[in-house]
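Thanks for coming. Please have the sequence and the structure open.

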Amino acid sequence: DILVHDCQYLFSEYAPGSPTSKEYWGHSTVEYVVEVAFYANVKQLLLFHHDPQRSDDQMDDLLIYARELAVKLEEKCGGDKENVRLKVDAAKEGDTYDLDPYVFLDENDVSIDGDVSESNGESIHHANDDVSPPRSVNTGQQCVLLGFYESASGPIRDMLESTDNSPKVEVLQSRDELLHFAEQNHPSVIVLDNLLFGCTGFEFCKVIRTEIGEWG
């Protein structure tokens, strides 16, 4: 129903070679975010993580631009520009969005062309299905696995263990130990230090899926 997505910069601000280029800064572009939200059949997109250097007027112009992109995508797909499926807004301080935690999508309610059934604020389910909240990976205490150098894991571990109902936190530095622990315990979240195992976290996620598979 709602996607809140980082879109700090415009595609033009990533132009290579420019002294002010934001290339490799790691933030998403407005153009990318609108396209992803549109093709994912998102109902409402909230632009988030704004560039602190932009003025309020520039933010207004950016929002207008994002909405124009949504209109163009609607027309490109044969839709009505006066009835754009994707609503685009800018998240701002003080906004509150109340979401029903028991509203979820059943994979059978998504058609081949990507259309999603209307939930009308209620759980989407079949007549013979049990209505239940979305499942979590673990039914007991949640588990967080940190693939970090021990000295670097302290602040993250302290933050996780300071909360009510804090998860079990395991810190490992060995590739084989991490894979074994993940296979045996199916942690809810795995946080990997960059290049800890001689590859990026993204590449190591591929290793996990190849050697263990997916769970949850």
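C143 is buried, because its relative accessible area is 5% and the cut-off for buried is under 20%. This is a predicted model, to be clear about the source. C77 has a relative accessibility of 40%, so it counts as partly exposed. How many disulfides does a search of the whole structure find? The count is 0. For that search, a pair of cysteine sulfur atoms had to lie within 2.5 Å.

Next, a serine in a loop. S28 sits between β1, residues 2-6, and α1, residues 30-39. Is S28 buried or exposed? Its relative accessibility is 16%, so S28 counts as buried. Setting aside neighbours within four places in sequence, the residues in contact with S28 are H5, D6, C7, Q8, Y9, Y14 and V33.

Last, a helix pair. Helix α4 covers residues 175-185 and helix α5 covers residues 201-211. They pack at an angle of about 55 degrees, and their axes are 11 Å apart. The two helices are therefore oblique to each other, since angles of 65 to 115 degrees would be needed for roughly perpendicular and under 35 for roughly parallel. The crossing of α4 and α5 is right-handed.

Which residues make the contact? From α4 there are R175, L178 and L179; from α5 there are F204, V207, I208 and E211. By class, the contact of α4 with α5 has 5 nonpolar residues, 2 charged and no polar ones.

That is the end of my part.

Methods. Residues are numbered from 1 along each chain as its sequence is written. This is a predicted model: local features need pLDDT of at least 70, side-chain atom pairs count only at pLDDT 80 or more; totals for chains, interfaces and linings use all residues. Side-chain values use heavy atoms; hydrogens and water are left out. Axes are lines fitted to C-alpha atoms, for helices over the stretch in contact, and angles run from 0 to 180 degrees between N-to-C directions. Helices (H or I, at least four residues) and strands (E, at least two) are DSSP runs, numbered from the N terminus. Angles under 35 degrees count as roughly parallel, over 145 as roughly antiparallel, 65 to 115 as roughly perpendicular and the rest as oblique. A crossing is left-handed if the near helix is turned anticlockwise from the far one by less than a right angle, and right-handed if clockwise. Contact means heavy atoms within 4.5 Å. Ala, Val, Leu, Ile, Met, Phe, Trp, Tyr, Cys and Pro count as nonpolar, Asp, Glu, Lys and Arg as charged, and the others, Gly among them, as polar. Buried means under 20% relative accessible area, exposed over 50%, partly exposed in between (1.4 Å probe, protein chains only).
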